[in-house]
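Student: Please give me a close look at a single part of this model, with the terms spelled out as you go.

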Amino acid sequence: MGEHDRGYETISRAALPVATVELARYLIGKIVVRETPDAVLSGRIVETEAYPPGDAAGHAYRGETPRNHALFLGPGHAYVYLAYGVASMLNVSSEPAGVGAGVLIRALEPTCGIASMQQNRQVETLRDLARGPGRLAAALAIDRSLDGGDLCRRGPLWLAHDGQGDPDIGTSARIGLSREIDRPLRFYQRGSRFVSGPKALNL
DNA sequence: AGTGCGATTGACT
DNA sequence: GTCAATCGCACTA
């Protein structure tokens, strides 16, 4: 491993919580690494949402389809889909293989490859590069071609530990849903300015 | 085969 | 604060 990725280490499958809500909390403070032929991009996860089994707002609620197949892989696989025909969304699959559930990654604090992210987003402001799920995917050049990928191995897209201590985690209702709107399944790093949503939701 | 609808974003009043 | 853009996919017929 070289300086270009700050020596990040992969997160083993065994280390990932299998349960969706636990995984959503666990991922706060972890690193998403994106490797392209041109650059290595990474950011610290500051906001997630859990979509556990049986959740009427989850994409797996009506059973497995070609689109949501990746949610049914074991923990630690990428589920990427296109929302509103405009924005790609990155999720981490959870629960044992055959059970459809996952965690949406909603915001990152950029750590490496910031110049490339600015190029990908056509935006300069550090705070706005990956604040929001669609922006995050755009910043890291994530699209459906990464759907189903293994996030526990080095490759085009993977998860890493960072050296920091455990962050202070806040909880709230999820954002942008029309169903199951009151469940406290959104998690975020308290006080982080890289968290999306109304500012009242990052206290 | 046709239709309706988002786990959003950015531009505008 | 409101609102349109945009398209893959699940659902209905």
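In which sense do strand E2 (residues 31-35) and E3 pair, and over how many bridges?

Tutor: Strands E2 and E3 pair in the antiparallel sense over five bridges, where two strands are said to pair if DSSP finds at least two bridges between them, and where strands (E, at least two residues) and helices (H or I, at least four residues) are DSSP runs numbered from the N terminus. This is a predicted model, in which local features need pLDDT of at least 70 and side-chain atom pairs count only at pLDDT 80 or more, whereas totals for chains, interfaces and linings use all residues. Residues are numbered from 1 along each chain as its sequence is written, chains are lettered from A and ligands numbered from 1 in the order in which they are written, and side-chain values use heavy atoms, with hydrogens and water left out.

To return to E2, this strand forms a hairpin with E3, with four residues between them, and within the pairing Val 33 stands opposite Ser 42 of E3. E3 also runs antiparallel to strand E6 (residues 102-112), to which nine bridges join it; here Glu 49 faces Leu 104 of E6. A further antiparallel pairing, over three bridges, links E3 with strand E9 (residues 186-189), and in that strand Phe 187 is the bridge partner of Thr 48.
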